[in-house]
There are 2 protein chains.
Amino acid sequence: MDFIKAYIDQNKDRFLEELFGLLRIPSVSSLADHKPDMYRAAKYWKKTLIAAGADKAELYETPGNPVIYGEKIIDPAYPTILIYAHMDVMPVDPINLWNSQPFEPEIREGRIWARGADDDKGQSFMHAKAFEIMMKSGQMKCNIKFMIEGEEEVGSPNLGAWCEAHKEMLRADIILVSDTGMIAADTPSITAGLRGLAYLEVEVTGPDRDLHSGIFGGAVANPANILAKLIASLHDEKNRITIPGFYDDVIVVSDTERRAMAEAPFNLENYKKAIGINQEWGEEGFTTIERTGIRPTLDVCGMWSGYTGEGAKTVLPSKAYAKISMRLVPNQDYKKISSLFEAYFLKIAPPYVKVKVTDLHGGQGYVAPIDMPAWKAADKAYMETFGKLPIPTRSGGSIPIISTFEQVLGIKSLLMGFGLESDAIHSPNENFPLENFYKGIETIAHFYNHFASEMKK
Amino acid sequence: MDFIKAYIDQNKDRFLEELFGLLRIPSVSSLADHKPDMYRAAKYWKKTLIAAGADKAELYETPGNPVIYGEKIIDPAYPTILIYAHMDVMPVDPINLWNSQPFEPEIREGRIWARGADDDKGQSFMHAKAFEIMMKSGQMKCNIKFMIEGEEEVGSPNLGAWCEAHKEMLRADIILVSDTGMIAADTPSITAGLRGLAYLEVEVTGPDRDLHSGIFGGAVANPANILAKLIASLHDEKNRITIPGFYDDVIVVSDTERRAMAEAPFNLENYKKAIGINQEWGEEGFTTIERTGIRPTLDVCGMWSGYTGEGAKTVLPSKAYAKISMRLVPNQDYKKISSLFEAYFLKIAPPYVKVKVTDLHGGQGYVAPIDMPAWKAADKAYMETFGKLPIPTRSGGSIPIISTFEQVLGIKSLLMGFGLESDAIHSPNENFPLENFYKGIETIAHFYNHFASEMKK
């Protein structure tokens, strides 16, 4: 299948140019101001799919951001692949830490630098281009459907209902997703498990207005100090989460599986160096890989109270806030965990403050069977491109919608991710290596062929 | 001395109009952008003092904001009063909670509403007008000096050195200050004790950049969670501060004095209602009055980390910050306490984060003798205006410069404050009752007379 590599070589600059057009659109879904950008991104995708060879591509309104659906039905007898991706990106704060403008993509050091370079514009665009290659070369032996949403980074609040309403249209044999990472540039992997997510915001109110910290300090509960105490009490000395019932539904992973996980190439010293820490941290009795792969966690994603500007303001704040995310393992239900959190947080709040808990979003975990035809097709596709079989891994991240697809559409997903840890997704200086971009396109194109063969068996 | 009241009556609208001119200048000393406003405020004061009857009024540069010094030397044989005040104000955040614009003063419900209406523009302006009354009426029997600084709200970092450099010029028998409160509108009081202040900022660093909370969460120490734990550990279960040595220099107040303090009019239910809390809080074994009057405290004045915007961003932050103020009682040295804090905070920081502590500012506590001539003169002045003797109180607040005056100039201060608890200083909707403004002017004018008499004894 040399035509794939040849096509990429002949078109590599144009592929990048087209991706840059998408990266330039600041489609930040969590900020209401960027609503018009979501429509710009949607229209860009519509144009991209038609140009690549889709029969049709339509913009579907939802109560939130639009969904782009496109398809190419070649032969009803062919197997059907539904590609899922998202066109929205994370906010760019803190903007001052970026070395180049987040929405002005640049190539430096063999990488694409931009917000969304990896997550998920770079990775999703590989699918558009793999589709184009197979169509233009007349080699496509699958029917292809694209479903590109605009709310993944805020928990896909509307896509479940949209899928429910378009079940028939979305029928497929597999959902293909590139929104995860691989172990290393020379070590391909496929994510077999994803963590679920429960994300809440807490508000602690002390006095009904900011007070002078001298005149009132010591006699009135300070909501920032109280919030600190409440957050501190959510972990015990073994770094286990103290919410009663939190671990009840966690499936204990067998020693055999833990030994297998330990075989994955992982260097703790390199890991620490890559993120600039002196010492790792986590739940007692588990390794770093296990802590993100098979154990649930609780993290403060944001926290604020009182005066945060320059210099010293002596204030006893009225309010203190925190955004708290819990990553869940398969079999933990995010709704149950959110309820347990809320009940516990309200229970431990002392009587001299008022506490409010708001559920911001959530999603279930997911496990993919490694013996399904799509996995076998992927094995062959990666072998052609990387000369190696992909290693099945469990990601600490969450793609809440993946478990929704299974529940609503009854279709499994295959998570062929090409991102690297150094891509800094969700952070300043997000980037994506050019090599991964082109190898990803090649691997996906091969996958189309092998999936057609596997499905014939 | 009916001429005082008569003069106020004839000029009350003009007094307000002139105060409003000062209130309209947004002289926020903690924000560098407002530097030009500090000069506008200084010039406004210069003009005000000359118009009131000063022989001279000059702007003195310092490494920070300018000082205005003005004087009227009538007779070297007269006693000399040095009036200290500050022209700078606190920031106005959160601006959305103000009912009118902070720098567009308004009269509503018999009060002046503006940032600085009480602290300290409203209160300091009373001195300018009392001075004017005595001068225009030809009744002044004291020499008067004014020293108006522009950095009180950031800890007066330059005024100590400026005093040192102008010792001779500043010679006086008493320093008169109106930058504190009184117990209630019908219960005058004078602050006999002030708490000291140590104010520090802490920075906790986890990974060297913001990370994806799914991919890294559970395996990397989250600086926001760690900061919460560190802050929580600064108080024990009895709400005592855990820093070793923190209480070593605290003078144990006698039971007799504690009983006397308990005599001051205070209604806990009204106190709680006034600030909207259900239950008071504080160090075990002490009353609310004692907790702010005779006990040191530790409060978070500000705290921030990670994503604090709209919606949900799943990030494991790189950094977490807190601004922490400790209110100290007389005999506690703020430099020693700052060092103890820093040493302890660095000691309890776990090895998987980096911690930095920055000393932002501080000042010593202060006690005024209630048998000095100035106190006796004040007793008589208040008796004329309010028909009651002022109650000596201990304020929980700090005016760090007051103890500096004693050390550098060897002069005691008399803290004649006319603010009320409801004035919301340092908060949104700062205000100052018109009645307090005019009664303050009257009381201060009477004080000039009585002080001249007391000093002759």
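Predicted model: local features only at pLDDT ≥ 70, side-chain atom pairs only at ≥ 80, totals over all residues.
Along the principal axes, the C-alpha atoms of chain A fill a box of roughly 80 × 50 × 45 Å. Its secondary structure comes to 13 helices and 18 strands, where helices (H or I, at least four residues) and strands (E, at least two) are DSSP runs numbered from the N terminus. Chain A is divided into domain 1 (2–194 + 365–456) and domain 2 (196–250 + 296–363), with bounds that come from an automatic or database domain assignment. The centres of these two domains of chain A, taken over C-alpha atoms, are separated by 35 Å.

Twelve residues of domain 1 of chain A are in contact with ten residues of domain 2 of chain A, contact meaning that the C-beta atoms, placed from the backbone, lie within 7 Å. On the side of domain 1 of chain A that touches domain 2 of chain A, β15 (366–367) and α12 (400–409) of chain A each supply at least two residues, and the largest share, three residues, comes from α12(A). By class, that side of domain 1 of chain A has six nonpolar, six polar and no charged residues; here Ala, Val, Leu, Ile, Met, Phe, Trp, Tyr, Cys and Pro count as nonpolar, Asp, Glu, Lys and Arg as charged, and the others, Gly among them, as polar.

In chain B, an open sheet of three strands has the order β4-β5-β18, with antiparallel pairing; two strands pair if DSSP finds at least two bridges between them. Because β4 (106–108) and β18 (431–433) of chain B stand at the edges with a single partner strand each, one side of each is left without a neighbour in the sheet. The twist from one strand to the next averages 30 degrees, with axes being lines fitted to C-alpha atoms, for helices over the stretch in contact, and angles running from 0 to 180 degrees between N-to-C directions. Three bridges link β4(B) to strand β5 (residues 111–113) of chain B, and B:Glu106 stands opposite B:Trp113 in β5(B). Helix α13 (residues 434–456) of chain B packs on this sheet, touching β5 and β18 of chain B, and its direction makes about 65 degrees with that of β18(B).

The contact between the chains takes 83 residues from chain B and 83 residues from chain A. On the side of chain B that touches chain A, β11(B) gives the most, with nine residues, and by class this side has 35 nonpolar, 33 polar and 15 charged residues. Strand β11 (residues 297–306) of chain A and β11(B) run antiparallel, joined by five bridges, and A:Ser305 stands opposite B:Met303 in β11(B).

A rotation of 180 degrees with 0.0 Å of shift along its axis superposes chain B on chain A (RMSD 0.1 Å), by least squares on the C-alpha atoms of residues with pLDDT of at least 70 in both. That is the relation of a two-fold axis. The same surface serves both copies, in that 100% of the contact residues of chain B recur in chain A.

Definitions and conventions
Residues numbered from 1 in each chain as written. Chains lettered and ligands numbered in written order. Contact = placed C-beta atoms within 7 Å.
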